[in-house]
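Come along and check each entry against the picture.

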Amino acid sequence: MKIFGKHYQTIWETDKEVSSVSIIDQRWLPHKFQIVELKKFDDFVRAIKEMWVRGAPLIGVTSAYSLYFALKGTDETNFDRVFEEASKKILETRPTAVNIKYSLDIIARKVSANMTLNEKKQIILDTARNLCREDVENCKKIGEFGFELIHEIYRKKGDSVKIMTHCNAGWLATIDYGTALAPVYFAKERALPVFVWVSETRPRNQGAKLTAFELLHEGIPHSIISDNAAGYLMQKGMVDLVIVGSDRTTLDGDVANKIGTYLKALAAKDNSVPFYVAVPSSSIDFEMENGSANIPIEQRDASEVKYISGLYNEEIVDVLVCPEESEAVNYAFDVTPSRLVDGLITERGICKPNRESLLKLFPEKKI
Ligand code: MRU
């Protein structure tokens with residue numbers, strides 16, 4: 001998608017030799033647009049853990065490149081050991097998003113013992129490239145299917161469709177287009193009037209900072225709301241549809257997403273507002289059921305709750321918003337049970353959040 005009219009993706013190879021991989025350092029958006037080159041394995045691990053890149057699909061693809069950089073300088077004698085140690089380290093960076101495991105599992109299946117060292121390295125790089133392409137294609141397909149939902153509401157309503165989203169599940173969270181925002185971009189492209197309620201998403205404010213930034217640059221009307229305003233707007237009939245993304249959706253349709261998603265789903269159910277989750281299959285954990293019991297929930301540093309970062313006198317600063325001595329806890333994700341979800345928008349179509357419907361769309365995942 002575009003920034004100041006120029007097309008960007010969130011990650012790209014800096015040169016033909018792949019001496020580094022470039023990313024948009026999302027910590028400073030919307031105030032500063034900064035591109036950073038990741039050159040060493042440790043740079044990648046840090047970029048994922050500290051959220052220079054974030055969003056489940058993007059950290060999945062970044063993980064694949066991380067593994068390539070971990071193994072680039074290895075020889076036959078240490079390849080297997082480095083492969084194992086690096087995979088473990090990458091998996092530990094952000095435990096909730098299943099996309100990291102998805103990427104590493106694909107690579108592990110492709111690398112085989114009878115390959116030469118160079119073949120192994122090349123196949124890891126090729127896989128990272130494929131994952132990148134696959135994500136763009138899948139987001140476009142999600143955009144198509146999700147557009148139909150918006151179109152249907154527009155046909156009945158005959159007026160601008162008001163969509164609420166949470167966190168950032170736009171192109172910055174993927175490689176391009178996004179998951180939850182892809183249908184919005186398709187609507188805009190096809191001149192169907194849409195309006196987006198952007199919930200700020202404390203503590204890291206991905207909604208206020210990133211979703212608003214994306215929508216602004218694509219010329220899509222939107223308003224930022226405090227997280228606590230979502231229920232009120234639904235009660236007043238000011239929301240036609242909620243679309244969120246997902247970091248891990250289980251086979252029985254439970255959805256882990258940014259903390260606060262569950263509360264939005266409850267309010268949507270109480271007010272009969274359709275609640276949809278845009279989820280590429282790379283974010284579906286086909287081996288897990290019962291999300292609230294089994295999905296690992298990332299707990300991040302309490303400082304993210306106690307401080308807010310923003311622009312002050314043209315500098316990006318962190319401001320303390322509570323007594324310094326108070327303790328804080330920072331659960332980064334919650335799980336919305338499938339009974340609160342009206343549908344999953346996948347790259348193969350929209351389905352009910354349950355095992356039967358998901359396996360009908362993805363029969364190859366049946367074990
Ligand atoms: O902590 P983040 O910013 O990585 O969390 C991102 C989200 O929760 C997104 O909504 C999710 O990854 C779905 S994105 C396409």
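**Entry 1: a pair in one helix**

By about how much of a helical turn are Glu 152 and Lys 156 separated in helix H5? I looked this up in what is a predicted model. Glu 152 and Lys 156 are about one helical turn apart, because they sit four residues from each other in H5, which covers residues 117–157. Their side chains form a salt bridge, and the closest N and O atoms are 3.9 Å apart. I then checked how open each partner is. Glu 152 is partly exposed at 34% relative accessibility, while Lys 156 is exposed, with a relative accessible area of 71%.

My reminder to myself: side chains of opposite charge can pair when their charged atoms come close.

**Entry 2: another helical pair**

Next I went to helix H3, residues 79–93, where I found both Arg 81 and Glu 85. They are four residues apart, about one turn of the helix. Their side chains meet in a salt bridge at 3.2 Å, N to O. Arg 81 counts as partly exposed at 45% relative accessibility, and Glu 85 counts as partly exposed at 47%.

**Entry 3: a pair from distant parts of the chain**

How many residues apart are Lys 101 and Glu 287? Their side chains meet in a salt bridge, 3.7 Å from N to O. The pair links distant parts of the chain, 186 residues apart. I found Lys 101 in helix H4, and Glu 287 in the loop between strand S13 (284–285) and helix H10 (291–294). Lys 101 is partly exposed, with a relative accessible area of 32%, whereas Glu 287 counts as exposed at 63%.

I also ran the search over the whole structure, and it finds 22 salt bridges.

I stepped back to see how the chain is divided. There is a domain 1 (2–134) and a domain 2 (143–365). Their C-alpha centres lie 24 Å apart. The contact between them takes 35 residues from domain 1 and 36 residues from domain 2.

How much area is buried between domain 1 and domain 2? I noted about 3,000 Å², with carbon and sulfur atoms giving 58% of it. On the domain 1 side, Arg 54, Thr 96 and Val 98 lose the most area to domain 2, and together they account for 21% of what that side buries.

Then I counted links across the interface. The rule finds two salt bridges there, along with 17 residue pairs in polar contact. I looked up which elements of domain 1 do the touching: strand S1 (2–3), helix H2 (56–71) and helix H4 (99–110) each supply at least two residues of that side. H2 gives the largest share, four residues.

**Entry 4: a network of salt bridges**

Which residues are linked with Arg 94 in a network of salt bridges? I wrote down Arg 204, Glu 298, Arg 300 and Glu 304. One of the bridges joins Glu 298 to Arg 94, with the closest N and O atoms 3.0 Å apart.

**Entry 5: Thr 201**

Is Thr 201 buried or exposed? Thr 201 is buried, because its relative accessible area is 0%, and buried means under 20%. I found Thr 201 in the loop between strand S7 (194–199) and helix H7 (206–217). Its side chain reaches the backbone oxygen of Ser 199 at 2.8 Å. Beyond its neighbours within four places in sequence, Thr 201 is in contact with residues including His 166, Cys 167 and Lys 258. Asp 227 is another contact of Thr 201; the two are 26 residues apart in sequence and 6.1 Å apart in space, C-alpha to C-alpha.

**Entry 6: His 166**

His 166 lies in the loop between strand S6 (161–165) and helix H6 (182–189). I noted that His 166 is buried too, with a relative accessible area of 1%. Its side chain reaches the backbone oxygen of Ile 259 at 2.8 Å and makes a polar contact with the side chain of Lys 264 at 3.2 Å. Leaving out residues up to four places away in sequence, His 166 touches several others, among them Ser 199, Asp 227, Ile 243 and Gly 260.

Key
Residues numbered from 1 in each chain as written. Predicted model: local features only at pLDDT ≥ 70, side-chain atom pairs only at ≥ 80, totals over all residues. Heavy atoms only, no water. Domains from an automatic or database assignment. Contact = heavy atoms within 4.5 Å. Buried area = accessible area lost by both parts, 1.4 Å probe. Salt bridge = Lys/Arg side-chain N within 4 Å of Asp/Glu carboxyl O. Polar contact = N/O pair within 3.5 Å; in protein donor to acceptor, adjacent residues only side chain to side chain. Buried < 20%, exposed > 50% of the residue type's maximum accessible area, 1.4 Å probe, protein only.
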